[in-house]
Amino acid sequence: MARFRIPLLIALGLFIAGLALTAAFTDRHYVLLSVVLLLAALLPLFIRLERRPLQSRELVLLAVLSAIAAVSRIPFAALPGVKPVSAVVILSAYVFGAEAGFVIGAVAALVSNIYFGQGPWTPWQMFAWGMTGLTAGWLRRSWLLRRRAGLLVFGFIWGFLFGWIMNIWVLLSLPDALSWRLVAVTFAASFYFDLAHALSNVFFLAVLAGGWTKVLQRFRKKYGLLQQ
Amino acid sequence: MLCGPSGSGKTTLLRHLKRELTPVGSSSGTLTYKGQPLSGLPAAVAAGEIGMVFQNPDAQIVMDTVWHELAFSMENLGLPPAVMRTRLAEICGLFGLEPLLYRPVHELSGGQKQLMNLASVLLLQPKVLLLDEPTSQLDPVAAREFIMALQRLNEEMAVTVIISEHRLEEVLPLADRVLMLEDGKLLADAAPRLFARQTGSGALTSAGRYLPAASRLYLSLAPEADSVAPENIPLTVREGRRWLHALMAGTDAAAGAELVNNLNSPAAETLLTCREVTFRYEKEGREVLRKLSLTLKQGEFLAVMGGNGAGKSTLLHVMNGLMKPQRGRIELAKGKTTGLLAQNPLLYFSYDTVAEELQHMGSYAGLTPEAAASEIEALLAVFQLREVLQSHPHDLSGGQQQQTALAMMLLMKPDILLLDEPTKGLDPAAKDRLAALLQQLRGQGISILIVTHDVEFAAKHASRCALLFDGGITAEGTPAEFFSSNYFYTTAVNRIVRDWLPQALTIEDVIRTWPASAYRC
Amino acid sequence: MSSGFRSMHPVVALLYYAGLLLFTLLVFHPLFLATEIAGLLALLLLQGQGRQLLRSLPFMLLMAASVALLNPLFSHRGAHILFYWLDQPITLEAVLYGLMMMTMLLTIFIWFISYNYTVTTDKFMYLFAAAAPRTALLTLMAIRFVPLFQRRLRQITLIQRLRGIDAGTGSLKKRMTDGMTLLKVLLTWSLEEALQTGDSMTARGYGSTKRSTYTIYKADLQDKLVMLLLTVSGVVTLLFWVQGYGKLEIYPRMRPADFGWQEAVMYGSFCLFVLIPAGLEGKEKWLWRSSKHSNYPSDTLKKTGTRSMSYRSS
């Protein structure tokens with residue numbers, strides 16, 4: 001059984017992807033397709049995590065940072081839009097790189113939703129926060145993230161991007177009515193939440209950047225963790 | 001058994017014996033396991049046959065439920081499911097873990113966690129078991145249970161056990177060999193009784209504090225330690241009593257001596273009063289404190305004792321005003337302040353160096369920079385923290401962390417110091433240093449209240465003791481009164497000599513009051 | 001307490017929920033969606049989860065209703081114009097399509113409630129660990145850390161108040177800054193401990209060989225039987241779907257659905273698929289009730305039958 005696991009999984013994946021494509025083309029039914037595409041986007045990064053050499057210390061480090069990101073979400077649960085997770089993910093990625101940032105973001109979304117409720121939004125949040133970390137890791141050596149102001153701008157932008165990614169699954173449930181006006185209405189409706197998210201990101205990054213990067217860098221140096 | 005002060009290299013030695021955890025750095029010499037060099041062993045053998053349990057029960061746990069945590073080590077070695085199931089059944093039977101099997105690990109007590117950690121290592125059926133101060137974070141009851149489990153493993157399964165431990169009273173009598181390390185050197189390697197004689201003969205006087213009470217008592221009362229036969233040296237309370245019985249046969253001199261306690265000063269001013277305090281954490285929760293009344297007087301050193309979960313830490317938090325009781329009142333004398341030292345000093349640190357921590361605390365205390373600087377200077381001298389001033393607080397030893405946190409609290413100039421289990425995890429030398437420090441503070445007019453499990457520490461240094469049970473104070477008095485009326489909950493020395501000197505709690509008490517004729521014959 | 005469908009092997013649950021989600025997203029037909037909702041509701045109610053359902057009802061209805069309203073407002077396709085609103089035609093087709101999407105969304109929400117109750121985290125991890133062991137381990141560790149960190153954060157909050165760091169008082173800026181300081185203390189402490197956790201993993205042989213998996217689940221005869229039934233009925237339904245049955249045509253023009261024998265067969269096998277868990281749950285409930293009356297007239301009740309012997313004691 002174990003020998004056939006990988007081919008079996010691939011076959012199953014292809015089968016569902018085929019169904020999704022059929023549904024999309026024949027019936028203009030995009031929800032399944034979007035889920036398949038989302039998983040396809042997440043998959044390579046998780047496969048990379050499975051395959052790359054990783055010390056147990058580094059694995060625990062990733063788990064700790066994911067859990068801290070998840071815990072940081074809890075005290076702010078009452079304020080819609082305010083999600084310190086983004087800031088924690090960006091800073092972790094800033095110090096430990098793109099892959100770590102992606103894993104921390106995605107796992108934080110999955111784990112925190114055990115407390116906030118899993119729903120159709122879970123994979124989208126995993127994707128959005130994973131991408132937040134991934135892009136922050138990619139850009140960490142660039143001119144943008146080198147200076148403090150750039151970091152804040154980056155956080156601000158991701159506050160909106162996060163909201164927009166989350167809007168996609170709302171839009172997808174109305175494939176027929178999809179028009180620029182509907183897009184505009186949806187984005188307008190989420191604007192205040194996105195703005196709150198963006199501003200809180202700027203605030204959290206401004207407060208955390210100095211202290212947290214120092215703490216994280218100390219660990220990276222002291223124990224030689226996740227040097228790429 | 002491996003003993004020696006903190007920083008003597010016990011952990012480093014143990015980690016060298018566990019190949020996966022060998023510290024980085026330059027090393028020389030060879031390590032062999034069953035005649036083979038340790039570095040040449042196959043990975044599965046090295047991981048399975050040499051097991052290791054660490055100090056901190058929480059930090060070793062990887063998984064979220066007990067069964068998963070237990071299975072974790074077996075999964076790592078790729079054992080087939082049927083084997084795993086049998087071994088798990090076996091070990092759960094041995095340790096009585098079956099009722100806990102599906103519980104999340106965070107619901108377990110510290111003692112249960114440490115037993116689970118031990119069981120998880122044992123599932124690999126190790127030949128050698130390394131333990132690095134495994135009971136230092138446990139309360140006495142849980143520690144005894146853990147040590148008894150080790151004893152069974154050693155005696156019934158013939159597992160080789162190498163343990164570094166500060167809890168000598170229980171472990172030393174069980175040991176076959178005692179190794180003493182200091183500054184990375186092996187000072188002694190002998191059977192326990194022989195080791196005890198060596199410490200008595202002057203070659204190893206600093207090791208005296210690593211002996212159980214019975215041996216220490218014997219050595220301080222016996223005329224010439226060099227000449228005693230090692231097999232006569234008592235290690236346990238039972239042996240100690242037997243020796244004293246033999247010694248006292250025919251004489252009847254002891255009954256006369258009375259202890260005079262000069263620590264009592266009844267006319268002091270009352271600083272802090274708890275008046276019928278009732279506290280619970282949740283509305284529907286259990287009453288942790290129930291109509292508790294307690295007073296602390298100027299210049300006192302009060303030790304509050306009690307079992308696990310009796311509410312000792314809660315009492316301190318309530319007394320310090322961190323939590324408000326639902327009923328009853330805490331009354332603090334006018335203009336007096338309290339300072340709290342929590343069990344875990346790590347809770348206090350939020351900056352990158354010790355110096356920064358102290359400076360920020362100084363400015364929070366409202367001191368001018370100059371005043372703060374001179375205060376800090378004075379504290380550094382007392383606490384001997386000058387060398388570590390630029391270190392990260394997390395890089396210090398446990399004792400130094402505690403002293404740093406204490407120094408931070410003292411910058412607030414409290415009149416009353418509340419300490420939560422200050423002796424937990426400290427080696428005997430560090431304990432003595434702490435005691436000296438507390439006495440010095442008391443000399444400066446600070447009143448002290450500690451909550452502790454450490455009977456020996458309370459008996460030796462407190463001016464008053466109280467017992468917290470079922471949410472209230474059930475007994476209190478001077479150490480002599482308090483402990484001599486207890487049967488179990490008293491010092492080992494007292495348990496040895498109580499037939500002759502019911503009020504003697506420490507070796508010093510015994511020496512002071514013992515009729516000289518009884519042994520100097 | 002786990003019994004009935006919840007105590008079955010995780011693979012059975014996975015098959016059921018994966019199939020159900022697939023059908024929700026594929027089969028565009030009100031009868032099928034309604035059947036699905038009915039099946040899930042029956043299962044949830046039999047499992048005693050009515051309260052949970054009620055609690056999330058307002059949110060669900062709000063989301064679903066907004067979809068039902070938005071579609072006719074933004075989509076004007078269709079032949080039957082009902083009326084004009086703000087100079088925009090509101091068509092019958094768009095209204096119906098909106099209602100369909102609403103039903104689908106409702107189904108997904110109810111699906112999640114049922115899924116969360118039946119496929120608990122450790123079951124999900126068991127399934128997940130087969131495909132991605134390292135990711136599963138990482139997630140499990142993070143799951144364990146969350147309650148631990150919450151407890152630590154409470155301690156830190158309490159003690160740091162002694163040095164003036166308090167997220168509960170002061171201006172908003174000070175409170176948020178202090179809150180972040182508290183998190184930083186937690187971060188430093190937890191990272192230090194993480195190194196010890198890493199050592200403990202290495203000491204216990206993590207990474208020395210290929211890992212095996214210990215499982216607390218065993219597939220019994222009933223599990224296998226149910227799995228077979230689910231597979232067969234699911235595949236039959238899917239085959240008909242591929243043939244083009246079970247599709248309600250709304251656009252470009254609403255047409256009454258014809259219900260031939262093919263649809264009847266498809267619907268029958270679909271019903272079988274959807275209702276198996278609720279049936280199992282109901283059977284067990286009935287067994288319990290009847291055993292209480294007949295078998296054990298005395299006051300001590302004992303568990304009977306294989307199904308009620310749960311693998312998990314919690």
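**Chain C and its two partners**

The area buried between chain C and chain B comes to about 4800 Å², with carbon and sulfur atoms giving 59% of it. Buried area here is the accessible area, taken with a 1.4 Å probe, that two parts lose on being put together, summed over both. The model is a predicted one, in which local features need pLDDT of at least 70 and side-chain atom pairs count only at pLDDT 80 or more, while totals for chains, interfaces and linings use all residues. Residues are numbered from 1 along each chain as its sequence is written, chains are lettered from A and ligands numbered from 1 in the order in which they are written, and side-chain values use heavy atoms, with hydrogens and water left out.

To start with the meeting of chains C and B, the contact (heavy atoms within 4.5 Å) takes 48 residues from chain C and 61 residues from chain B. On the chain C side, C:Arg163, C:Arg204 and C:Tyr214 lose the most area to chain B, and together they account for 20% of what that side buries. Between these two chains there are 4 salt bridges, a salt bridge being a side-chain nitrogen of Lys or Arg within 4 Å of a carboxyl oxygen of Asp or Glu. B:Arg15 and C:Asp199 form a salt bridge, with their closest N and O atoms 2.8 Å apart. Polar contacts link 24 residue pairs across the interface of chain C and chain B, both residues being at pLDDT 80 or more. A polar contact is a pair of N or O atoms within 3.5 Å; within protein, one must be able to donate a hydrogen and the other to accept it, and residues adjacent in sequence count only if both atoms are side-chain atoms. Helices H6 and H7 of chain C each supply at least two residues of the side that touches chain B. By class, this side of chain C has 19 nonpolar, 16 polar and 13 charged residues. In this grouping, Ala, Val, Leu, Ile, Met, Phe, Trp, Tyr, Cys and Pro count as nonpolar, Asp, Glu, Lys and Arg as charged, and the others, Gly among them, as polar.

Next comes the meeting of chain C with chain A. Here the buried area is about 6000 Å², and carbon and sulfur atoms give 78% of it. C:Phe74, C:Arg134 and C:Met180 supply 13% of the area that chain C buries against chain A, more than any other three residues. The contact draws 65 residues from chain C and 69 residues from chain A. The salt bridges between chain C and chain A number 2. A:Arg57 and C:Asp199 meet through their side chains in a salt bridge, at 3.4 Å from N to O. Polar contacts across the interface of chain C and chain A join 7 residue pairs, both at pLDDT 80 or more. Several helices of chain C, including H1 (10-26), H3 (50-74) and H7 (172-203), each supply at least two residues of the side that touches chain A. H7(C) gives the most to that side, with 19 residues. The side of chain C that touches chain A has 43 nonpolar, 15 polar and 7 charged residues.

The chains themselves can now be described. The secondary structure of chain C comes to 9 helices and 2 strands, where helices (H or I, at least four residues) and strands (E, at least two) are DSSP runs numbered from the N terminus. Its elements run α-α-α-β-β-α-α-α-α-α-α from the N terminus on. Of the 314 residues in chain C, 53% are buried; buried means under 20% relative accessible area, exposed over 50%, and partly exposed in between, with a 1.4 Å probe and protein chains only. C:Leu195 lies in helix H7 of chain C and is buried, with a relative accessible area of 5%. Chain A has 9 helices and 0 strands, and buried residues make up 58% of its 228 residues.

Helix H15 of chain B (residues 428-443) has 16 residues and reaches 23 Å from its first C-alpha to its last, close to the 22 Å expected at 1.5 Å a residue, the expected span being 1.5 Å times one less than the number of residues. B:Asp427 caps the N-terminal end of H15(B), with a side-chain oxygen 2.9 Å from the backbone nitrogen of B:Ala429. The buried residues of H15(B) include B:Leu434, B:Leu438 and B:Arg442. After H15(B) comes B:Gly445, whose phi is positive, near 95°.
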